[in-house]
Amino acid sequence: MTAPRPRDDVMKIHAYVGGESKIPGVNRIIKLSSNEGAFGPPQAAQAAFARVAAEIHRYPDGGSVELRRAIGARFGLSPERIVCGTGSDELIQHLCLIYGGPGTDIIMSLHGFSMYQIAGTYAGSRVLKTPERNLTADVDAMLAAVTAATRVVFLANPNNPTGSLLPQSEVERLRRGLPEDVLLVLDAAYAEYVTDPAYDAGTKLVDAGENTVMLRTFSKVFGLGGMRVGWAYAPPAVVDALNRVRGVFNVNLAAQAAAVAALAEPGWVERSVAHTTEWREWLRAALESAGIKTWPSVGNFFLADFATAERAAAANAWLKARGIIVRAMGSYDLPHCLRITVGTEEECGLVADALKDFAAHG
Ligand SMILES: *Cc1c(COP(=O)(O)O)cnc(C)c1O
């Protein structure tokens, strides 16, 4: 019997491994595996979500007009240059399909966000992973990988899962070194957490030419991962291409309402960022004092480095047995590390206690 056969490219893809959320037999779970904010969703977003319940028989606004206006007002950007997506994941996928394809290359750094590889391979491109320095993207290595076949370069800045930040001058050097017809995608999912005054999430480079796109999301600092809303700020030709292929009603009615409300919640980002910065460093210091190496991070997460894959797996099992879920890093070529999201003060305390115990007895 012959059955329908997927394209070979599809069968090359390893499905995305998301953060786990359940442990059999454990009631109270502390989920620190997906970089969701520490505070849950903003009150105003919850209220907006409830308010639209009676209207969900209606199709959403396919152009996300009010949401794009609200994003534009918040970040000082023209709504015309914004495209919303079902999470920024949808936009990553479309950018690969639009600009990549068989016979083309997409470049990312070795420990870059894994959706680039999945989406790029799906598009039929070859995805090249370039070496990093100190778990940070290396501009020279990325530029050295460029050939006539290169179409897209992805850079998550800050990067997930490493938490590293490429300095603004290096991002600009990357853009300058790339051919003009290569699209540079600056994925700034964690932009709000960056406190370095020299940092620009991507706006400047998008405005400076026709070949750079910035991606943002409501899934991290805004606490709306379950709603699936992301957006691109892009040159007109890229906006036009994305609007031709994206899901017509890609951002659902409740998601649009919740995202608009989240933007209006007073002090939300400031509070979240202040909490995250304080407790990230507190938790890193607690681990370091227990003899566990940690990597510096500017995001709402960091890598704990256990030196060997076996030791990391043992630590992961130890945490799991105590109801704490963090992210194993095997799929990111960092099997000796665990990625820990910064949660509430109580959650940080519980992780610190558990890992101190592990260091002493595990
Ligand atoms: C979480 C994350 C995203 C995906 O965000 P969604 O909007 O939820 O799809 C994109 N890029 C990076 C680097 C992320 O960590």
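Accessible areas come from the Shrake-Rupley method with a 1.4 Å probe, and for residues only the protein chains shown count as cover. On that basis the chain exposes about 15800 Å², of which carbon and sulfur atoms supply 55%. This is a predicted model, in which local features need pLDDT of at least 70, side-chain atom pairs count only at pLDDT 80 or more, and totals for chains, interfaces and linings use all residues. Residues are numbered from 1 along each chain as its sequence is written, and side-chain values use heavy atoms, with hydrogens and water left out.

**Overall form**
- Along its principal axes, the C-alpha trace spans about 60 × 60 × 50 Å.

**Burial and contacts**
- Of the 362 residues, 55% are buried, meaning under 20% relative accessible area (1.4 Å probe, protein chains only).
- Counting contacts (heavy atoms within 4.5 Å) between residues at least 6 apart in sequence, 73% join residues at least 24 apart.

**Cysteines**
- There are zero disulfides, a disulfide being a pair of cysteine sulfur atoms within 2.5 Å.
- Cys84 is buried at 4% relative accessible area, and its sulfur is too far for a bond because the closest cysteine sulfur, in Cys96, is 19 Å away.
- Cys337 is buried at 1%, and its sulfur lies 18 Å from the closest cysteine sulfur, in Cys348, so a bond is ruled out by distance.

Technical notes
Buried < 20%, exposed > 50% of the residue type's maximum accessible area, 1.4 Å probe, protein only.
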